[in-house]
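Trainee: Could you show me how to read a sheet and the ring contacts in a protein model? I am new to this.

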Amino acid sequence: MDFQNRVGSKVGSGGPASWSETNRQRKERLTALAMETIDLAKDPYFMKNHLGKYECKLCLTLHNNEGSYLAHTQGKKHQDNLRQRAAKDSQDGPSVLPNMPKVDIKRFVKIGRPGYKAIKQRDPETGQYSLFFKIDYPQIAPDVVPRHRFMSAFEQKVEAPDGKWQFLVVAAEPYETISFKIPSNEVDRSDGKLWTRWNPSTKQFFLQLFFKTERVVVAPKPLNAVFNPSISTGL
């Protein structure tokens with residue numbers, strides 16, 4: 001083929017470059033420029049997968065090497081996605097967290113488990129089953145009142161979760177947090193059916209709860225291992 005007599009060609013030039021060659025050279029120049037100016041370590045969308053290839057998390061594209069990824073970042077698809085992401089972020093507004101008060105974590109030496117007594121009872125008038133707890137805290141820290149909460153079986157990490165049970169968790173410094181495994185029946189929260197009392201003179205904590213259902217209640221038993229869930233004041 002005679003390339004010298006083609007339109008726009010010069011003698012010895014071999015003819016004008018085709019569109020594919022021009023596009024390839026342009027990509028090579030952009031890749032070389034990007035490799036000099038872009039730090040991939042700071043690119044939030046750059047990721048190397050377990051196969052050793054590179055992915056663009058913004059465009060969901062796969063690349064064999066860093067040069068191919070950098071060429072992609074200079075392309076129309078990546079740039080359009082960047083503009084769309086910036087527009088979406090500007091509409092959503094800056095995600096500024098409110099100024100939350102800083103809470104200091106209390107650290108203290110635990111002195112062991114407190115003594116306790118659990119009693120199963122039944123109301124002769126309503127037929128409701130109830131559980132009564134008495135916990136002794138003879139060495140409780142000054143100005144500390146025991147706290148309790150109910151915990152789902154799926155919150156704890158001590159044993160396999162079972163939907164038939166829930167846990168009553170009681171905490172008071174400097175004693176270890178203890179929990180009682182009780183049936184998952186709904187607790188009656190009406191007046192007089194769920195109450196607590198702290199006696200600062202005898203340093204004893206009392207709690208009684210009633211179940212709404214009339215299902216037979218199994219006597220509570222403590223967990224073999226004591227764990228430390230987050231404790232809330234009251235229910």
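Mentor: Two strands pair if DSSP finds at least two bridges between them; strands (E, at least two residues) are DSSP runs, numbered from the N terminus. This is a predicted model, where local features need pLDDT of at least 70 and side-chain atom pairs count only at pLDDT 80 or more, while totals for chains, interfaces and linings use all residues. Residues are numbered from 1 along each chain as its sequence is written, and side-chain values use heavy atoms, leaving out hydrogens and water.

Trainee: What is the order of the strands in the open sheet?

Mentor: Strands of a sheet pair through backbone hydrogen bonds, either parallel or antiparallel. Here three strands run in the order β1-β2-β3, with antiparallel pairing. At the edges, β1 (46–48) and β3 (61–63) each pair on one side only.

Trainee: How many bridges join β1 and β2?

Mentor: Three bridges join β1 to β2 (residues 54–56). Met47 has Glu55 in β2 as its bridge partner.

Trainee: And how many aromatic pairs are there in the whole structure?

Mentor: Rings of Phe, Tyr and Trp (its six-membered ring) pair if their centres lie within 6.5 Å; planes under 30 degrees apart count as stacked, over 60 as edge-to-face and the rest as tilted. A search of the whole structure gives eight such pairs. One of them, Phe132 with Trp195, is tilted, at 6.3 Å centre to centre and 50 degrees between the planes. Phe132 is in strand β5 (residues 129–136) and Trp195 in strand β10 (residues 194–199), so this pair ties together parts 63 residues apart in sequence. Ring pairs also link Phe46, Tyr54 and Tyr69 into a cluster.

Note on methods:
Helices (H or I, at least four residues) and strands (E, at least two) are DSSP runs, numbered from the N terminus.
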